[in-house]
Amino acid sequence: MSWRDAMCGEVRPGDVGRRLALAGWVDGRRDHGGLVFVDLRDRSGLCQLVLNPERAPDAATAGHAVRNEFVLRAEGELVRRAPEAVNPNIPTGEVELQVDALEIISRAPPLPFQLDEEGVDETLRLRYRWLDLRRPRMQRNIGIRAQMVGAIRRVMDEAGFLDIQTPILFKPTPEGARDFVVPSRLHKGRFFALPQSPQILKQLLVISGFDRYYQIAICFRDEDMRADRVQEITQLDVELAFPDQEFLFGLMERMVTTVWRECIGVEVPAPFERMSHVEALARFGSDKPDLRFDLEIQEATEVTRGSQFGVFGKAPAVRFLIVPRAFSRSELAGLEERAKELGAKGLAYLVVDEAGEVRSPIAKFLAEPELEAFRAEPGSTVLFGAGDPAVVARVLGALRLQLGRELGLVDEEAWRPLWITDFPLFDWDEEEERWGAVHHPFTRPAAGDEGLVGSDPGAARAHAYDLVMNGIEIGGGSFRIHEPELQAGVFDVLRLTADEQRAKFGFLLDALGMGAPPHGGIAFGIERMLMALLGEANLRDVIAFPKNQAGIDPMSGAPTEVTEDQLGELGIRVAKPN
């Protein structure tokens with residue numbers, strides 16, 4: 001038996017008169033006493049079934065028993081709807097199936113939530129994920145995810161890149177997050193790690209002569225969960241020998257514009273804008289700025305040198321935002337609380353009322369040149385950040401985003417991709433009192449900065465780049481170190497001893513010493529791209545079977561305990577928590 005001749009959402013007026021079999025889930029039922037109308041749904045959409053007791057009494061009788069999410073198979077004739085019954089809101093709204101035979105294939109009990117119900121608790125949604133995935137939004141998200149990956153593969157294949165799979169079980173290596181470790185039964189007391197990324201392996205592939213590699217790779221990071229972070233991610237991983245930044249940027253721009261065009265019908269203009277890391281922090285207080293609104297941070301450090309307002313006069317950095325709203329005292333108190341949460345000691349301000357009068361406790365301490373530099377239109381507020389440049393950037397950058405949303409300044413229809421370049425190579429960890437790699441320890445110093453690695457690590461820039469879309473970092477990469485001496489020098493800055501370098505990366509150092517070409521690449525987070533593409537705020541809504549914020553799968557109960565026999569085979573003893 002053929003279960004169906006067409007998908008529910010594919011029937012059109014051109015099919016009128018055909019005898020068809022349709023199969024799917026009951027999306028809704030309307031019982032008019034005699035006639036029964038059923039909306040039958042599959043991944044393609046809906047088709048209305050008409051169960052008429054005069055035409056098919058057995059089918060109509062069966063129709064009285066169906067409920068939402070029953071699985072049905074219906075046979076009948078596709079007919080035009082009466083003009084007054086046409087539904088212009090769905091593609092199949094001009095036709096309906098007059099049913100001659102109806103089979104209830106599978107029944108469903110009362111559901112824990114309705115598929116059209118809003119505000120369902122996320123844990124409940126994940127517990128019954130197979131129901132949640134039937135919701136139209138989730139069907140769209142997962143369907144577009146598949147479409148996006150297909151578009152990515154096509155662009156990469158056309159550019160001559162080979163799709164090469166790398167191992168899931170590999171060696172633990174320090175790359176920024178905790179590893180998930182996997183015990184070995186055959187080698188008790190020893191462990192594999194699940195890859196945080198195929199970083200070293202893709203470098204080895206290029207060193208092996210596969211000069212253009214890509215992979216849709218699953219990566220694992222044992223880190224705390226957030227709305228935009230999960231422990232299992234998928235990424236487009238790219239590496240090429242003899243890299244040219246303009247070629248790589250152009251290829252990635254072609255990939256992004258293809259995805260946006262084919263998945264949501266939007267033309268994103270290329271080439272994309274570029275901005276240095278220093279400029280991004282100075283103008284937007286973020287290394288992933290949202291350019292869809294014009295609220296920019298302005299510099300005032302030199303203007304306020306020697307200011308009678310001591311907070312400004314002594315601060316290493318003074319910057320400000322001019323916000324197109326005259327805030328009330330209670331609003332300013334709320335903004336100050338937010339600034340303190342972000343690390344500021346307070347939040348100075350100047351409110352310019354509708355009459356152009358300035359209202360502020362600090363105005364009397366500011367000289368005329370200062371007030372002139374901060375002059376704003378009536379109905380505005382000037383918000384100041386003063387102190388350590390990194391803290392000022394963080395505070396004003398976060399307030400900029402918050403106020404952009406709250407005041408409706410963001411152009412929700414705009415797409416503003418941006419390359420961020422010239423990142424620092426290292427950053428200083430105050431707690432551990434040591435340098436760390438900003439991207440990863442295999443990132444190449446910018447041309448001309450190689451000598452700074454040993455002499456002035458804080459001044460060394462990286463040949464690294466991120467791609468940001470509407471304030472979401474969707475991709476990032478770098479050129480890599482291909483000289484073993486330079487790689488060892490970076491490891492020295494990171495305080496890896498010679499023995500540690502050999503133990504952790506000896507195979508990579510050996511490979512770099514056996515004819516390694518210059519190489520570089522980039523990785524794009526598939527889920528992050530989907531968040532940007534679909535306007536989703538939560539990464540878990542673009543993944544079929546995610547864990548919750550506690551790292552637990554409410555559907556299966558994983559992670560679960562294992563038996564003592566299994567632990568014994570692995571040579572493991574579990575320390576019970578207190």
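Residues are numbered from 1 along each chain as its sequence is written, and side-chain values use heavy atoms, with hydrogens and water left out. Because the model is predicted, local features need pLDDT of at least 70 and side-chain atom pairs count only at pLDDT 80 or more, whereas totals for chains, interfaces and linings use all residues.

The protein chain contains 16 helices and 22 strands; these are DSSP runs numbered from the N terminus, with helices (H or I) of at least four residues and strands (E) of at least two. Along the principal axes, the C-alpha atoms fill a box of roughly 90 × 75 × 55 Å. Of the 578 residues in the protein chain, 47% are buried; buried means under 20% relative accessible area, exposed over 50%, and partly exposed in between, with a 1.4 Å probe and protein chains only. The accessible surface amounts to about 28300 Å², and 51% of this belongs to carbon and sulfur atoms (Shrake-Rupley method with a 1.4 Å probe; for residues, only the protein chains shown count as cover). Among contacts with a separation of 6 or more, 67% are between residues 24 or more positions apart, a contact being heavy atoms within 4.5 Å.

In helix H5 (residues 199-207), 9 of its 9 residues are buried. Their neighbours in the packing are strand E9 (212-220), strand E10 (232-241), helix H14 (498-512) and strand E22 (519-525). Just after H5, Gly209 has a positive phi of about 105°. Helix H15 (residues 526-534) is largely enclosed by the rest of the structure, because 8 of its 9 residues are buried. The buried residues of H15 include Glu527, together with Ile526 and Met529. Their cover includes helix H4 (136-158), E10, helix H6 (245-264), strand E20 (464-469), strand E21 (472-479) and E22. Just after H15, Gly535 takes a positive phi of about 70°.

The loop between H15 and helix H16 (564-570) holds Asn548, a residue that is buried at a relative accessible area of 12%. A polar atom of the Asn548 side chain lies 2.9 Å from the backbone nitrogen of Ala550. Leaving aside residues up to four places away in sequence, Asn548 touches Leu126, Met225, Arg540 and Pro554. Pro559 is also in the loop between H15 and H16, and the peptide bond from Ala558 to Pro559 is cis, with omega near 5°.

Aromatic side chains form another theme. A pair of aromatic rings is described by the distance of the centres and the angle of the planes. The whole structure has 18 aromatic pairs; rings of Phe, Tyr and Trp (its six-membered ring) pair if their centres lie within 6.5 Å, and planes under 30 degrees apart count as stacked, over 60 as edge-to-face and the rest as tilted. Phe309 and Phe365 make a stacked pair, at 6.2 Å centre to centre and 25° between the planes. Phe309 lies in the loop between strand E12 (298-299) and helix H8 (310-313), and Phe365 in the loop between strand E15 (358-359) and helix H10 (368-373), so the pair ties together parts that are 56 residues apart in sequence. Phe309 is buried at 14% relative accessibility, whereas Phe365 is partly exposed at 34%. Phe312 and Phe384 form a tilted pair, with 4.9 Å centre to centre and 50° between the planes. Because Phe312 lies in helix H8 and Phe384 in strand E16 (residues 380-387), this pair ties together parts that are 72 residues apart in sequence. Phe312 is buried, with a relative accessible area of 1%, and Phe384 is buried at 2%. Phe309, Phe312, Phe320, Phe365, Phe374 and Phe384 form one aromatic cluster.

Asn470 sits in the loop between E20 and E21 and is buried, with a relative accessible area of 10%.

Key
Polar contact = N/O pair within 3.5 Å; in protein donor to acceptor, adjacent residues only side chain to side chain.
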